[in-house]
2 protein chains.
Amino acid sequence: MNDRALLTVISGFAGSGKGSAMKGLLEKYPDTYALSVSATTRAPRPGEVDGREYFFLSDEAFEEKIRAGELLEHAGYVGHYYGTPRAYVEENLAKGKDVLLEIEIQGALQIKKKFPSACLLFLTPPNADELKRRLIGRGTEDEETVKKRLSRAAEEADGMEQYDYLVVNDNLEDCVETIHRIIQSEKNKVSRCLDEIQSIREGVHAFS
Amino acid sequence: MNDRALLTVISGFAGSGKGSAMKGLLEKYPDTYALSVSATTRAPRPGEVDGREYFFLSDEAFEEKIRAGELLEHAGYVGHYYGTPRAYVEENLAKGKDVLLEIEIQGALQIKKKFPSACLLFLTPPNADELKRRLIGRGTEDEETVKKRLSRAAEEADGMEQYDYLVVNDNLEDCVETIHRIIQSEKNKVSRCLDEIQSIREGVHAFS
């Protein structure tokens, strides 16, 4: 309906396939979406490139960005900082792009406070057994990290109702389409179309 | 997300193309949707068939249905009664069909009261000039009817904010897809997925 760009936050359990879903959306609808790249203080994993997966920062550099107000939100997860650089989001919304933020629950709720019109999606595997398999099954991390991840999943599970939409990632292609459908349908919400309604209303009253 | 059937009310200005949009939805997604057939006391137009476009009833028969509680909602429009037979809606929802009600604003708000989970869509032509053309341009009705229709349009314009979604019918095919997208996305609303959330949460807490 309206052509205003939408800010969408996508969270989900570790292993819910958020990253693949974002990649799918950008590949299928490159003119519609822009994905915000987060800043983090965790070390790059093999194959990760600075400025593509994350901006990899030292603790000092990250804290300086917090002080300078250059992050829209930030949070700690498994001993590291994660945050969203403000400039990229604001520039892309101004260009009319629907901006995607892939962040965890603490950050998501900070965004909702600052941008009440943001749309919050939560991704989940189809059931708890599959979730457990994905949380512990990556096999590349130590016991302590897995333990932290499980406890974070419990925290996230408690926060699911604070999101607007729940999306099950059972099949990646369906999941990408569902997310696209949800974000574009949000634009038809009456609460997002008040200018259009006002304009039609004035026209109708002028000729009735 | 969840597989519960949804009750959707579609209203819109006379000439907004509600009828064609419903027909398009049923043709494209026959297994998904069921269209409720309204009862009315207005006379059939040429080509209209009893039980297809409407159940055509006498004033007495309509009033008997009101008394017997067989209508989910009813309202008067341009001197005639219009109403929604209860049985068809309840049977189709029970079968898992997403039920579509094409009714005007008074009836829509009655439905929202009885079914708070119903989704309310309002269809509009792209702008007020086009709306005026469609309201007065059918050319088959007398001046009095057109005048009533214009005044009803003014009343409807004042009620647009009470709907959940606004859909512009500029191109029929796009309009059908937009309505389908909106209805199916509604099922991912967190408020409609509380059972699924509870089940995932219990699972996560069991293994963390």
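Predicted model: local features only at pLDDT ≥ 70, side-chain atom pairs only at ≥ 80, totals over all residues.

Visitor: What makes β5(B) and β6(B) a pair of strands?

Guide: Two strands pair if there are at least two bridges between them. β5(B) and β6(B) have six, so they count as paired. One spot to look at is B:L71, which stands opposite B:P85 in β6(B). The two strands form a hairpin with two residues between them. In the turn, B:V78 has a positive phi of about 50°.

Visitor: How do you know that β3(B) pairs with β6(B) as well?

Guide: The cut-off is at least two bridges, and two bridges join β3 (residues 38-40) to β6 (residues 80-85) in chain B, so the pairing counts. These strands run antiparallel, and B:T40 stands opposite B:Y82 in β6(B).

Visitor: Over to chain A. Which strands make up the open sheet, and in what order?

Guide: Five strands, in the order β2-β7-β1-β8-β9 of chain A, with parallel pairing. From one strand to the next, the twist averages 30°.

Visitor: Why are β2(A) and β9(A) called edge strands?

Guide: In chain A, β2 (33-35) and β9 (165-168) each pair on one side only, and they are the edge strands of the sheet. On its paired side, β2(A) is joined to β7 (residues 98-102) of chain A by three bridges, and the two run parallel. Within that pairing, A:Y33 has A:D98 as its bridge partner in β7(A).

Visitor: Which helix packs on the sheet there, and what does it touch?

Guide: Helix α3 (residues 86-94) of chain A, touching β1 (7-12), β2 and β7 of chain A. The direction of α3(A) makes about 155° with that of β7(A).

Visitor: Which residues meet where α1(A) and α7(A) touch?

Guide: From α1(A) come A:S20, A:A21, A:G24, A:L25 and A:K28; from α7(A) come A:L172, A:C175, A:V176, A:I179 and A:H180. They divide into six nonpolar, three polar and one charged.

Visitor: Next, the two chains together. What makes their relation that of a two-fold axis?

Guide: Chain B can be laid on chain A by a turn of 180° with a shift of 0.0 Å along the axis, and the RMSD is 0.0 Å. That is the relation of a two-fold axis. In chain B, the C-alpha nearest the axis belongs to B:R181, 2.9 Å from it.

Visitor: How do you know that the same surface serves both copies?

Guide: Of the contact residues of chain B, 100% recur in chain A, so the same surface serves both.

Visitor: How many residues are in contact, and which element gives the largest share on chain B's side?

Guide: There are 39 residues of chain B in contact with 39 residues of chain A. The elements of chain B that give two or more residues are α5 (128-136), α6 (143-159), β9 (165-168), α7 (172-186) and α8 (194-207). The largest share is from α8(B), with eight residues. Chain B's side divides into 20 nonpolar, 10 polar and nine charged residues.

Definitions and conventions: Residues numbered from 1 in each chain as written. Chains lettered and ligands numbered in written order. Least-squares fit on C-alpha atoms with pLDDT ≥ 70 in both. Contact = placed C-beta atoms within 7 Å. Helix = DSSP H or I, 4+ residues; strand = E, 2+ residues; numbered from the N terminus. Nonpolar A, V, L, I, M, F, W, Y, C, P; charged D, E, K, R; others polar. Axes fitted to C-alpha atoms, helices over the stretch in contact; angles between N-to-C directions.
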